[in-house]
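Subject: Structure handover

Hi,

Here is the structure I promised to pass on. Please open it next to this message; my notes follow below.

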Amino acid sequence: QVQLAESGGGLVQTGGSLRLSCANSGCTFNSWTVGWFRQAPGKEREFVAAINWTGGRTSYADSVQGRFTISRDDAKNTVYLQMSSLKPEDTAVYYCAVDFRSSAPLVLMKRPDQYERWGQGTQVTVSS
C-alpha cells in the first residue's frame, strides 16, 4: 500500500530555502513517476516538478525552473524538492503524488488528474 507523507514545510523569508521530503512508507517507488504540486488559497492545484523514478529524468514548471530541484534517494525511498530563492508567490500547500501507470512522457505529466495517489500536503509560507 502506497502511503505518501510530505514534510519540511514552514515559514521562510523571501530569498530563503527549504527542502521538502516525500516519503513512501508503504513500498518502493518502483518505476513510477513522482510529482510535486502546490495549491494556494483560492487557486487551482498547479504542477511544480516531476521525476521519472526509473531514469531520474526531471521536469519543472517555468515558474520554478532554476530555483527548485527535484531529486530522489533510493535507499530512503524518498523524493525531495529543494527550493531556493523563494518568493511570496511560492506560498502554498505542497503535495507529492504518484503516477503508477507511466501514463505519459515525463514532460507531459503536469495535470493533477494524471496522478493516482496523493499525500496530505505540507504548508510553505514565504514572507516578504
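A salt bridge here is a side-chain nitrogen of Lys or Arg within 4 Å of a carboxyl oxygen of Asp or Glu. Keep in mind that this is a predicted model.

By that rule the count is 7 salt bridges. Three of them are set out below.

**Asp 90 and Arg 67**

Asp 90 pairs with Arg 67 in a salt bridge, and their closest N and O atoms are 2.8 Å apart. The two come from distant parts of the chain, 23 residues apart. Asp 90 sits in the loop between S8 and S9, while Arg 67 sits in the loop between strand S6 (58–60) and S7. Are these residues buried or exposed? Asp 90 has a relative accessible area of 0%, so it is buried. Arg 67 is at 12%; the cut-off for buried is under 20%, so Arg 67 counts as buried too.

Beyond its neighbours within four places in sequence, its contacts are Arg 38, Arg 67, Phe 68, Ser 85, Val 124 and Val 126.

**Arg 72 and Asp 74**

Arg 72 and Asp 74 also form a salt bridge, at 3.2 Å from N to O. Arg 72 is partly exposed, with 30% relative accessible area. Asp 74 is partly exposed as well, at 49%.

**Glu 116 and Arg 101**

In this salt bridge the closest N and O atoms of Glu 116 and Arg 101 are 2.5 Å apart. Both residues lie in the loop between S9 and strand S10 (117–118), so the pair ties together parts 15 residues apart in sequence. Glu 116 is partly exposed at 29% relative accessibility. Arg 101 is exposed, at 54%.

One network also turned up: salt bridges with shared partners join Arg 38, Glu 46, Arg 67 and Asp 90.

**The sheet**

Now the strands. Four of them form an open sheet in the order S1-S3-S8-S7, with antiparallel pairing. Which strands stand at the edges? They are S1 (4–7) and S7 (68–73). Each has a single partner strand, so one side of each is left without a neighbour in the sheet. On average, neighbouring strands of this sheet are turned by 15° against each other, direction ignored.

S1 pairs with S3 (residues 18–24) in the antiparallel sense, over 4 bridges. Within this pairing, Ser 7 stands opposite Ser 21 in S3.

Best regards

Terms used
Residues are numbered from 1 along each chain as its sequence is written. This is a predicted model: local features need pLDDT of at least 70, side-chain atom pairs count only at pLDDT 80 or more; totals for chains, interfaces and linings use all residues. Side-chain values use heavy atoms; hydrogens and water are left out. Two strands pair if DSSP finds at least two bridges between them. Axes are lines fitted to C-alpha atoms, for helices over the stretch in contact, and angles run from 0 to 180 degrees between N-to-C directions. Contact means heavy atoms within 4.5 Å. Buried means under 20% relative accessible area, exposed over 50%, partly exposed in between (1.4 Å probe, protein chains only).
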